[in-house]
Amino acid sequence: MKRLLSSVRDGSGFDIVLVALPLGFLFLMAGLPLLYNILMSFQEVDMFSLGTFLRPFVGFKNYTDLFAQPETWPILGNTAIFVIGSIAGQFLIGFGLALFFWVNFPGASWLRGLFLVSWVMPGLVVGAIWNWILSGDFGVLNFMLRETGIISGNIFWRSDPNYSLYAVIMANIWLGTAFNMILLSVGLASIPGDLYEAAELDGANAWQRFWTITLPMMRSTIGAIVSLGLIFTLQQFDLFAAITSGGPNNSSNVTQYWAWDLSFRQYDFAKGATISVIMIVFVMFASVVYVRSTRHEVRG
Amino acid sequence: MGIRKYTVIGALALAGVSMFGLSARAEDVKLTVWSLDRDIQPAPHLVADFNKLNNGIQIEYRQIQFDDVVSEAMRAYSTGQAPDIIAIDNPEHALFSSRGAFLDLTDMISKSTVIKPENYFPGPLKSVEWDGKYYGVPKATNTIALYYNKDMFKAKGLDPNKPPQTWDELVADARKLTDPAANVYGLAFSAKANEEGTFQFLPWAQMGGGSYENINSEGAVKALTVWKTIMDEKLASPDTLTRGQWDSTGTFNSGNAAMAISGPWELDRMTQEAKFDWGVTLLPVPQEGAERSSAMGDFNWAIFASTKHPEEAFKALEYFASQDDKMFKNYGQLPARSDIAIPETGQALKDAGLKVFLEQLKYAKPRGPHPDWPKISKAIQDAIQAALTGQASPKDALDQAAAKIKAVLG
């Protein structure tokens with residue numbers, strides 16, 4: 001008994017407690033719902049059997065049914081475009097801004113802080129604002145494009161199937177850029193200045209310094225940001241609900257919105273769960289990349 | 001051992017006494033009512049007035065949000081926590097009655113002196129029916145008709161007293177009224193990919209001789225073709241595809257659309273906002289003399305099958321129904337009753353509009369009733385959107401919808 005106590009206070013028992021606490025918490029708050037979700041995707045779920053665990057098992061029927069639906073592949077494609085477009089946009093603009101503020105002109109640090117405003121705003125509010133900006137007949141964006149002579153007729157951002165997905169991507173890039181910029185700024189700040197001094201003495205120009213010092217030193221930060229971005233964009237639901245509702249004709253529908261639509265608008269909980277399981281696989285992948293890239297993190 | 005025995009006896013005695021005490025105080029039957037009505041709407045007032053009667057039944061009221069009605073009700077029912085009475089959107093009614101979640105009221109209604117089926121409009125009444133039995137009582141009703149801007153009609157040389165009566169006239173008038181230079185579209189309606197889109201399209205399909213079981217009939221294809229013409233010629237804003245009825249009619253009120261298809265819930269706002277002379281007319285039909293049809297909206301009262309006080313709950317419904325005559329005056333909602341004459345409000349435009357809506361209500365048909373209505377509705381929405389965005393012809397789109405609906409109907 002005493003040995004056990006002392007081991008808990010100072011020894012391997014303590015380590016076990018440290019590991020067990022967060023593991024238990026994770027299992028309760030994330031593991032159980034996740035397992036329940038996977039279970040549902042193999043069952044026939046009906047809104048009146050929601051309260052029970054033991055529902056008829058249907059094997060992979062939900063999965064085969066899902067992929068037999070004509071809209072499934074286009075929606076998966078949209079999700080890929082949304083994720084890649086959003087991450088590319090957020091990252092490139094965020095990196096550009098981070099480099100810009102890195103120059104450290106007077107007021108740079110608090111200006112950089114102001115950029116975070118977009119990240120602080122709730123998604124639904126951002127969605128409502130972009131809804132007005134992107135509105136077809138009286139939208140601000142159309143007005144500006146028309147006045148500057150870029151377009152002659154209005155573009156119906158939300159209602160034209162050729163544009164609707166990109167309208168949401170635009171809003172999402174605006175929403176996520178600041179977060180990327182802040183994380184990248186932190187990464188940039190951690191690169192030791194003497195590296196650049198040495199390179200400059202060796203005669204490396206700005207471009208060479210960027211390619212051979214900045215980028216390699218930022219590798220783990222970039223890996224973390226891209227995988228976090230993947231998780232955040234796969235979570236992005238509010239903007240779809242506020243701007244296009246996935247329409248018209250599913251042209252801007254993505255898996256995360258579709259899962260909600262199936263579960264809570266059509267009450268097809270099993271299919272909603274099935275899509276979620278497919279998404280979990282992708283997010284798991286992103287998480288592995290994230291964990292690996294932060295593991296190598298060495299801050300000088 | 002001895003002590004434990006006495007403790008058990010003592011506990012039992014105490015329990016008996018307290019049970020007696022409780023039952024003596026609990027002579028009032030307690031009911032719970034769930035509805036989405038806010039404080040300016042009927043339900044909370046009906047409940048408060050009912051409680052004042054002091055007839056041995058006390059009702060507790062709980063407000064739920066529109067989006068949560070079905071999911072809350074399902075969760076509550078499956079865990080045995082359902083309220084006694086609930087107000088449910090009419091297309092979802094069959095979902096619950098078909099599963100035996102709602103109480104069969106047929107016998108009680110046949111004995112009732114207050115709730116008589118013949119006093120209700122046929123559309124709302126049908127929505128509470130399942131398998132020939134009544135599983136609820138219509139709470140209120142609404143439908144859609146055509147609003148039009150009389151000043152714009154005059155300005156474009158159209159007779160303001162002759163609004164379009166047929167689909168062809170509607171399209172022809174919309175062409176004349178559309179004025180891109182002045183930012184005016186001929187028509188505002190909603191083809192949004194949610195229940196609103198179905199609500200607006202189904203009447204057109206029904207007027208053309210279609211129905212949800214027969215959505216690819218020739219008339220329904222023609223209806224969707226007319227919609228496509230309106231969208232292709234930009235007689236309505238392309239945002240019609242993503243905008244709900246309330247926002248679409250907003251553009252009518254601000255003078256950016258010359259006609260609008262919407263319901264009586266717009267009357268109050270329009271009376272305040274519209275700075276022009278407007279009128280309401282019946283929904284145009286395919287050709288003169290064709291069968292009329294209209295969508296039917298709004299909620300029904302139902303009693304959950306799990307209630308312990310069915311008699312008392314029905315008494316409450318009888319009281320609610322007895323107050324139907326005050327519904328329009330106090331809350332601006334239309335009772336689902338054909339035996340109640342709605343008194344005039346004194347506002348000429350609103351009263352004229354109301355008359356048209358009451359006429360239109362006679363042709364209102366419920367959506368369904370079918371327990372899988374959300375899936376049927378989704379198929380129709382998909383067809384509308386596929387056709388209007390040009391990704392499928394109206395015929396192909398509706399054929400696809402028909403196939404999907406057939407799979408649901410089994």
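These legends go with several close-up views of the predicted model shown above. Local features need pLDDT of at least 70, side-chain atom pairs count only at pLDDT 80 or more, and totals for chains, interfaces and linings use all residues. Residues are numbered from 1 along each chain as its sequence is written, chains are lettered from A and ligands numbered from 1 in the order in which they are written, and side-chain values use heavy atoms, with hydrogens and water left out.

**View 1. The open sheet of chain B.** Four strands line up here in the order β8-β9-β7-β10 (chain B), with mixed pairing. Strands are DSSP runs of E with at least two residues, helices are runs of H or I with at least four, and both are numbered from the N terminus; two strands pair if DSSP finds at least two bridges between them. At the edges sit β8 (185-188) and β10 (278-281) of chain B, each pairing on one side only. On average, neighbouring strands are turned by 20 degrees against each other, direction ignored.

**View 2. Strand β9 of chain B and its partners.** Take a look at β7 (residues 145-149) and β9 (residues 257-262) of chain B, which pair in the antiparallel sense over 4 bridges. Leu146(B) stands opposite Ile261(B), and Tyr147(B) stands opposite Ala260(B). With β8(B), the pairing of β9(B) is parallel, over 3 bridges, and Leu187(B) stands opposite Met259(B). Of the 6 residues in β9(B), 6 are buried (under 20% relative accessible area; exposed is over 50%, partly exposed in between; 1.4 Å probe, protein chains only).

**View 3. Helix α8 of chain B and its buried side.** The buried residues of α8(B) are Trp167(B), Leu170(B), Val171(B), Asp173(B), Ala174(B) and Leu177(B). They cover an arc of only 165 degrees around the axis, which puts them on the same side of α8(B); the arc is that of the directions from the helix axis to the C-beta atoms. Their cover includes β7, α7 (150-155), β8, α9 (195-207), α10 (218-232) and β9 of chain B, where contact means heavy atoms within 4.5 Å.

**View 4. Ala98(A) in its helix.** Ala98(A) belongs to helix α4 (residues 72-102) of chain A. Is this residue buried or exposed? Ala98(A) counts as buried because its relative accessibility is 1%. Leaving aside residues up to four places away in sequence, Ala98(A) touches Met181(A), Leu184(A), Ser185(A) and Leu188(A). The C-alpha atoms of Ala98(A) and Phe210(A), 112 residues apart along the chain, are separated by 13 Å.

Note on methods:
Axes fitted to C-alpha atoms, helices over the stretch in contact; angles between N-to-C directions.
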